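The sequence and structure are shown first.

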Amino acid sequence: MDFLNWLGAMPGAAAQGMIWGIMAIGVYITFKILDLADLTVDGSMVTGMATCAMLMAAGWNVWPAMLVAFIAGMLAGLVTGLFHTVMGIPAILSGILTQLILWSVNLKIMGKANQALPARNFDVLLTQLRKYEALVYLFLIVVVLIALLYWFFGTRYGMSIRATGCNEKMSRAQGINTNKNKVVGLALSNGIVAFAGSLLAQYSGKADISDGRGAIVIGLAAVIIGEAIVSRMGQNFVIRLIGVMLGGIVYYIVYQTVIFLGLDTDLLKMLSAIVVAIFLAVPNLKRTYFAKPVKRTKEAA
Amino acid sequence: MLELKNITKIFNAGTVNEKVALDNLSITLEDGDFVTVIGGNGAGKSTMLNAIAGTFPVDEGAITIDGTDITKLPEHKRAKFIGRVFQDPMTGTAADMWIEENMAIALRRGKSRGLGWAINEDDRKLYKSMLKRLDLGLEDRLSTKVGLLSGGQRQAITLLMASMNHPKLLLLDEHTAALDPKTAAKVLAITREIVEEEKLTTLMITHNMKDAIAHGNRLIMMNAGKIILDVKGEEKSKLTVEDLLKIFAKSGSDGAANDRMLLV
């Protein structure tokens with residue numbers, strides 16, 4: 001019976017996992033491609049939720065509401081980017097500052113701490129009341145999103161963003177405006193995060209000021225788990241993004257499972273953070289304690 | 001071509017660590033000049049190259065390339081005119097990106113990038129033919145991550161990238177210093193070939209006096225942020241390592257030939 005209950009929770013876990021997987025793709029852009037730790041996302045996730053919920057409550061159609069949520073997230077990323085590049089504030093602190101700004105902004109967007117968006121009253125795209133339908137929509141959204149990002153990062157401009165994250169000195173020597181690229185990358189990343197927020201608000205039927213707390217940790221967890229899943233399947237960009245999606249789904253399935261096992265839910269955030277800390281430490285631990293002697297080979301020039 | 005006029009650069013101005021890295025330095029390069037630059041540690045060789053490339057702003061003076069004043073241009077805008085190879089083989093290429101991706105980035109140096117697809121078949125043909133010239137077997141490894149290559153291979157690719165689109169100026173900052181002697185010789189030979197074939201105006205820092213004499217049509221020696229020797233043409237070809245050492249010793253002070261310079 002317990003097992004059946006658990007099984008019944010899986011579609012919901014998968015749907016939530018996909019929404020957070022989309023969010024994690026945003027995190028992937030800053031954390032992996034740009035090599036920046038961006039904490040704006042805790043705020044921009046809620047900005048997306050609040051924007052979508054308020055616009056729909058005001059009678060907007062769901063699609064333009066999601067578009068505006070995406071743009072609001074981009075603006076948040078833009079602020080972080082300008083803090084970092086124009087004002088020279090370290091990236092991690094820039095993100096924290098914007099996150100704090102967004103707390104106030106999000107309260108002002110909603111006018112209160114939360115906004116209901118019940119699927120019974122609003123024509124939302126996806127809702128937890130219809131999980132399988134939600135999964136289909138999410139699947140389609142993910143396919144389109146990954147295709148768009150594959151295209152973008154394969155263009156000459158997209159490639160210059162990748163180079164910026166990989167080697168700044170080389171990028172500037174090759175005429176790339178690295179500061180501009182960082183701002184664009186941060187804006188794109190937070191746009192995607194806010195877009196995921198707009199999906200989460202619809203799915204859960206509400207937007208709450210504290211929904212974004214620890215979002216960065218969930219995003220990083222999805223990125224890291226995803227990397228572990230697809231690490232042996234090559235370095236193709238599409239596979240990596242699919243990995244991030246799977247990472248989000250696995251995270252939520254594990255999350256649901258530990259809840260079913262009766263774990264105190266108060267501890268969940270702590271456990272998430274510890275898991276992420278351990279995974280982030282793995283490369284370092286490997287180097288320090290499990291380093292294999294490198295066989296020296298003489299390479300020709 | 002390239003003109004440096006009264007360039008001064010002081011690091012840590014006003015502190016006990018104040019260091020005059022470039023001291024009212026002026027030099028003019030003619031089109032097609034291949035200038036080798038020597039000098040002791042701290043003589044200002046790298047500072048001069050970095051000042052030209054725009055890594056940092058200069059305190060005084062003007063830098064012009066082909067009549068364009070670039071003194072105030074940010075580094076990435078100067079890249080339109082300048083190709084660079086660094087001392088550290090890791091610096092000139094993006095390790096996590098493929099060979100063809102690195103080359104595609106260099107192919108658009110100084111041009112708008114836009115949202116066109118970064119690499120097409122014609123580009124690949126071009127990259128292959130360029131890599132083939134290196135004779136390092138890299139032409140069949142376009143989709144290999146550059147990070148997997150040796151230092152010499154990476155420097156050779158960086159050279160190709162730096163010489164794409166015929167830059168007005170090529171800056172080589174001890175680009176063979178981090179390589180083993182055999183590899184260094186090979187990269188130097190490739191350098192010479194590319195510079196001569198493309199007739200690139202070049203500034204090459206080296207700590208090897210023999211190389212400095214053997215390459216290029218002009219040699220300058222720096223000390224304490226100034227140019228203390230500037231020879232070209234026939235006069236240069238007659239130079240010997242002994243001559244250089246003598247001049248070096250005469251310049252005295254902190255510029256005395258150090259061990260590294262004697263490794264010829």
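Buried area is the accessible area, taken with a 1.4 Å probe, that two parts lose on being put together, summed over both. The size of an interface is often given in this way, as the accessible area lost when the parts come together. The model discussed here is predicted, and the values below are computed from it.

**The interface between chains A and B**

Between them, chain B and chain A bury about 2,800 Å², and 62% of this area lies on carbon and sulfur atoms. In chain B, the residues that lose the most area to chain A are His76(B), Arg113(B) and Trp117(B), which together account for 23% of what that side buries. Counted by contact, 38 residues of chain B meet 25 residues of chain A.

Eleven residue pairs are in polar contact between chain B and chain A, both residues being at pLDDT 80 or more. Several elements of chain B, namely α2 (75-78), β6, α3 (99-107), α5 and α6 (181-198), each supply at least two residues of the side that touches chain A. The most is given by α3(B), with five residues. By class, this side of chain B has 19 nonpolar, ten polar and nine charged residues.

The number of salt bridges between chain B and chain A is two. In one salt bridge, the side chains of Arg162(A) and Glu101(B) meet at 3.1 Å, N to O. Over all chains, the count of salt bridges comes to 17. The pair crosses between chains, from Arg162(A) in helix α6 (residues 156-166) of chain A to Glu101(B) in helix α3 of chain B.

**The six-stranded sheet**

Chain B holds an open sheet of six strands with mixed pairing, in the order β6-β7-β8-β3-β9-β10. The edge strands, each of which pairs on one side only, are β6 (82-85) and β10 (226-232) of chain B. From one strand to the next, the twist averages 15°.

Helix α1 (residues 45-53) of chain B packs on this sheet, where it touches β3 (34-39), β6, β7, β8 (202-205) and β9 (218-223) of chain B. The direction of α1(B) makes about 145° with that of β7(B). Four bridges join β6(B) in the parallel sense to β7(B), which spans residues 169-173. Within chain B, Arg84(B) stands opposite Leu171(B) in β7(B). Across β6 and β7 of chain B lies helix α5 (residues 151-163), which runs at about 175° to β6(B).

**The four-stranded sheet**

A further open sheet in chain B has four strands in the order β2-β1-β4-β5, with antiparallel pairing. Its edge strands are β2 (19-29) and β5 of chain B, each pairing on one side only. The strand pairs of this sheet are listed below.

| Strand pair | Sense | Bridges |
|---|---|---|
| β1(B) and β2(B) | antiparallel | seven bridges |
| β1(B) (residues 2-11) and β4(B) (residues 60-65) | antiparallel | five bridges |
| β4(B) and β5(B) (residues 68-69) | antiparallel | two bridges |

Individual residues show how these strands are placed. Leu2(B) has a bridge partner in β2(B), Leu29(B), and also stands opposite Ile65(B) in β4(B). Glu3(B) stands opposite Thr28(B) in β2(B), while Thr8(B) has Glu60(B) as its bridge partner in β4(B).

The strands β4(B) and β5(B) form a hairpin with two residues between them. In the turn, Asp66(B) has a positive phi of about 50°. The bridge partner of Thr64(B) in β5(B) is Asp69(B).

Notes. Residues are numbered from 1 along each chain as its sequence is written. Chains are lettered from A and ligands numbered from 1 in the order in which they are written. This is a predicted model: local features need pLDDT of at least 70, side-chain atom pairs count only at pLDDT 80 or more; totals for chains, interfaces and linings use all residues. Side-chain values use heavy atoms; hydrogens and water are left out. Two strands pair if DSSP finds at least two bridges between them. Axes are lines fitted to C-alpha atoms, for helices over the stretch in contact, and angles run from 0 to 180 degrees between N-to-C directions. Contact means heavy atoms within 4.5 Å. A salt bridge is a side-chain nitrogen of Lys or Arg within 4 Å of a carboxyl oxygen of Asp or Glu. A polar contact is a pair of N or O atoms within 3.5 Å; within protein, one must be able to donate a hydrogen and the other to accept it, and residues adjacent in sequence count only if both atoms are side-chain atoms. Ala, Val, Leu, Ile, Met, Phe, Trp, Tyr, Cys and Pro count as nonpolar, Asp, Glu, Lys and Arg as charged, and the others, Gly among them, as polar.
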